[in-house]
Every structure is written in C-alpha cells, then in structure tokens.
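The following paragraphs guide the reader through one protein structure. They begin with a single pair of side chains and then widen to the chain as a whole.

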Amino acid sequence: LPTYFGNSCLRFIPVLELMINRFFELFDPKSSNKLFDRLMDCFGGLYRYHDRPVMSIYTFLHYYDKTIGANHTVKKKLVASTLGHEGFELNIDWSFTRSFTEYLSSKGLDIIFGEWVPDREYFTQILTRLQNVLNNDFPAEYLIDDWRFREFSTPTLHVLYCTSVEILALPLPAQEASRNLIDIAIEIYSNALDPTLINACAVLLTTLPESYWGVLNEKMLQCLSEVVVDDVESENLAKRPRLMDDREEQFGFNRDAALLLRLASAFWYHTNNGQLTRLIGFVESAANVVKTEAQLLFVYRLAGPLLTRFQTERTSCLLDVALALYRMLKSVDDSGQFSQFLDLISDFLYYIKYSFIGDAGRESIKAIVSSLDPQSPLYHRLRFLI
C-alpha cells in the first residue's frame with residue numbers, strides 16, 4: 001500500500017503516547033493537572049484503537065511509579081480515559097473488578113464523604129480471581145474468543161496485566177496495597193493450604209514496581225528479627241535437613257515464618273533477571289540481623305534454591321550472593337549459637353564452594369573462615385576450605 005495510506009486517529013496515537021510520556025517526565029506534584037485532564041478527555045478514547053492498550057498504560061504506571069505514584073488523581077485519569085471507556089476491547093467487568101470500574105467512573109471525593117477505599121474483601125477478590133485464571137478457570141467468552149489476534153496471546157496474561165494496572169492505579173500508597181495482598185494471601189493459604197493462591201500473589205508482585213514487592217523483603221527482615229529467634233521448632237527442623245530442596249513446606253519453622261518463607265520463595269522463583277539481582281541486597285541486609293543458628297538457616301533456606309538460577313542466568317552476581325552467605329557465619333559464631341545443625345550448615349557451605357563458585361572466592365572464604373574462633377566446632381568443620 002502507499003505510504004500515505006492510513007488514518008489520522010491511528011497516526012496520532014504515537015504522538016499521544018509521547019505527550020503523556022513528556023508530561024510524566026516533567027511532572028510537578030504542586031502544579032495543576034488541567035492540561036493533562038483536557039488532553040486525556042479529548043484524546044484518551046483513541047486508546048480503543050491502540051494495538052497494545054493495556055501494556056502501554058501498564059508501562060507508564062510501572063516506569064513512572066516514583067514520579068506519579070502518590071498522585072492518585074493523575075493515575076485515575078490516565079486509566080479511566082484510556083481503558084475505562086465502553087469501547088475497551090474486552091469485557092471490562094472481567095478486565096477490572098466491579099469496584100474498580102465504579103471508582104474510575106466516580107468523581108472521587110474522600111471516602112468518608114463518598115470516595116472508594118479498597119477494603120479486605122476487595123483484595124480477596126483480586127487474588128481469588130487471579131488464582132482462578134492461573135488454574136484455567138475462565139468465563140465462557142474467554143474460551144470462545146480467538147486470542148491469536150488479541151493484545152495478549154492468552155487470557156491469563158490479559159487478566160494478570162489488567163490486575164497489575166488496577167493495583168497500580170488504586171487510591172492507596174504502594175506499601176499499604178502490597179501489605180494487604182501479602183497478609184490476605186498468607187491468611188487464606190493458612191486456612192485452605194492451597195499453594196495456587198500463594199503462587200498467584202507471588203506472580204502478581206513480580207509485575208509490580210519495587211515499591212510494592214519491597215514490602216515482602218521488609219516483612220522477611222521483620223520476621224527474621226522478631227519471630228524466628230524464639231519460635232523455631234528445633235525437633236521438626238531436625239527432621240527436614242535439606243536446605244536446597246525448594247519443595248519443603250515449612251522446614252520446621254514456626255507457622256508464621258514458614259508461610260512467609262513460602263511466599264518469598266515463590267516470589268523470588270518468579271522474578272525476572274533484573275529483580276533477581278535484588279536478592280543480594282536482601283541477603284546483605286539480613287546479615288546485619290542474623291545472630292542465631294535458626295536465623296541463619298532461615299536465610300539459607302530462602303537463598304539456597306536460588307543459587308542455581310544465579311549460576312544459569314546471573315553468573316556475575318553468583319559470587320556476591322555466595323560470599324554474603326558465608327559472611328553471616330561470623331556473627332553467629334561469636335554469639336556461640338551453633339548447637340545441633342553444624343553438620344547441616346557445614347555441608348551446605350561446602351556444597352556452595354565446590355558446586356557453584358570453586359576457586360573464584362577462595363581468598364575471601366579463607367579470610368572469613370580464618371576470622372572464626374579457632375576453638376569453635378564450626379571452625380574445625382570448615383578449616384578444609386582454607
């Protein structure tokens with residue numbers, strides 16, 4: 001076809017995206033948003049002709065989360081004027097929840113005076129719907145439709161990214177929304193023991209910015225310092241002496257710690273390469289908290305199964321993670337907390353050395369082991385690493 005063949009509406013869509021992008025780059029929370037509101041009122045409806053409308057809005061909300069994350073009015077206007085109209089490609093009742101759809105169409109005053117604030121029931125509905133989709137439980141129209149010519153190749157991806165857009169556009173701080181998702185997922189799982197719900201929450205967190213899934217790391221550190229120290233069931237722990245088996249359910253820790261550990265393991269399993277490197281920061285932060293044998297096992301249980309991923313996907317970061325696990329030994333050895341799991345920990349550290357890092361970290365490991373108390377049982381077990 002000739003190069004001039006086309007449609008003025010379609011040709012303006014890239015321009016509209018560029019204008020939105022520029023507005024977010026120069027966004028000033030103190031300035032008026034009237035220009036943005038007029039722009040979206042006039043041209044937001046063009047997104048019904050966009051070949052990837054959900055992914056485009058998701059990218060804006062994800063990339064500019066630090067810029068516009070606290071401005072719920074702008075986020076609501078962006079989503080309502082592009083994906084919240086009647087011309088949206090798929091059934092909006094299944095793309096977004098009914099509560100969120102009503103929120104997009106509302107004027108948005110304060111809740112006590114009329115604005116919607118997501119409650120516990122809403123987050124339960126979000127997780128349950130995503131869980132059903134991951135289990136291939138779709139509405140009838142999704143089974144009949146031909147997904148080859150849709151934005152996403154499967155209804156699962158469509159619902160996942162629509163849910164992500166919905167979470168990103170909620171009138172809640174990122175930490176509060178994420179905390180609700182995590183708490184409800186753990187509570188429902190503790191009653192139903194259905195791992196697909198934990199999996200749904202973990203997958204959803206991986207699609208959100210770090211301001212959301214960073215809450216999981218904070219809860220892990222809090223659990224590490226407040227729960228694991230006193231409540232580890234050592235008798236059960238001795239019956240499950242496998243640190244590299246990611247199929248272990250609880251590993252003998254107290255119930256709250258075990259449930260959070262399962263969710264964290266699922267999250268790090270689903271992370272992409274960029275997110276996976278953030279595990280180094282978590283392990284280094286945990287090193288400042290670890291003082292007991294139980295805490296050390298807790299961190300090793302989380303990071304151990306992920307070493308294989310580092311070896312195949314992020315080789316440059318493997319040594320940093322492994323050495324961070326070794327550095328935790330010093331504080332635990334100084335506190336004299338090693339008791340009944342010395343052999344388990346020693347075997348794990350030898351396994352890391354000879355299966356993953358080899359001679360690459362020889363000098364660093366030698367310095368760490370040499371700093372241990374020469375009279376401690378741990379030193380006698382690890383002296384062959386020197």
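In this predicted model, Asp41 and Lys77 form a salt bridge in which the closest N and O atoms are 2.4 Å apart. The two partners are 36 residues apart and belong to distant parts of the chain: Asp41 sits in helix α2 (residues 34-43), and Lys77 sits in helix α5 (residues 72-82). Asp41 has a relative accessibility of 53%, and because the limit for exposed is over 50%, Asp41 counts as exposed. Lys77, at 21% relative accessibility, counts as partly exposed, since buried requires a value under 20%. Side chains of opposite charge can pair when their charged atoms come close.

How many salt bridges does the structure hold? There are nine, including one between the side chains of Glu187 and Arg120, with an N to O distance of 2.3 Å. Glu187 belongs to helix α11 (residues 174-192) and Arg120 to helix α8 (residues 120-134), so this pair ties together parts that are 67 residues apart in sequence. Glu187 is partly exposed at 38% relative accessibility, and Arg120 is also partly exposed, with a relative accessible area of 44%.

A further salt bridge joins Arg381 to Asp343, with 2.8 Å between the closest N and O atoms. Here too the pair links distant parts of the chain, 38 residues apart: Arg381 lies in helix α24 (residues 377-382) and Asp343 in helix α22 (residues 342-357). Arg381 counts as partly exposed at 31% relative accessibility, and Asp343 is partly exposed with a relative accessible area of 47%.

In soluble globular proteins, nonpolar side chains tend to be buried together. The largest nonpolar core of this model has 118 residues, and Val79, Phe100 and Leu329 are those with the most contacts inside it. Helix α21 (residues 315-335) supplies the largest share of this core, eleven residues. Which residues does Phe100 touch, leaving aside those up to four places away in sequence? They are Val79, Trp116, Tyr122, Glu166, Ala169 and Leu170.

Helix α21 also packs against another helix. The axes of α21 and helix α23 (residues 362-370) come within 9 Å and cross at roughly 10°. Because angles under 35 degrees count as roughly parallel, α21 is roughly parallel to α23. On the α21 side, the contact is made by Leu323, Tyr326 and Arg327, and on the α23 side by Ser364, Ile365 and Ile368. Sorted by class, the residues of this contact are four nonpolar, one polar and one charged.

The C-alpha atoms of Arg52 and Arg150 are separated by 8.6 Å, although the two residues are 98 residues apart along the chain. Arg52 counts as partly exposed, at 45% relative accessibility.

Finally, the chain may be viewed as a whole. Its secondary structure comes to 24 helices and zero strands. Of its 386 residues, 51% count as buried. Among the contacts with a separation of 6 or more, 76% are between residues 24 or more positions apart.

Key. Residues numbered from 1 in each chain as written. Predicted model: local features only at pLDDT ≥ 70, side-chain atom pairs only at ≥ 80, totals over all residues. Heavy atoms only, no water. Core = buried A, V, L, I, M, F, W, Y, C linked by side-chain atoms within 4.5 Å. Buried < 20%, exposed > 50% of the residue type's maximum accessible area, 1.4 Å probe, protein only. Helix = DSSP H or I, 4+ residues; strand = E, 2+ residues; numbered from the N terminus. Contact = heavy atoms within 4.5 Å. Axes fitted to C-alpha atoms, helices over the stretch in contact; angles between N-to-C directions. Parallel < 35°, antiparallel > 145°, perpendicular 65-115°, else oblique. Nonpolar A, V, L, I, M, F, W, Y, C, P; charged D, E, K, R; others polar. Salt bridge = Lys/Arg side-chain N within 4 Å of Asp/Glu carboxyl O.
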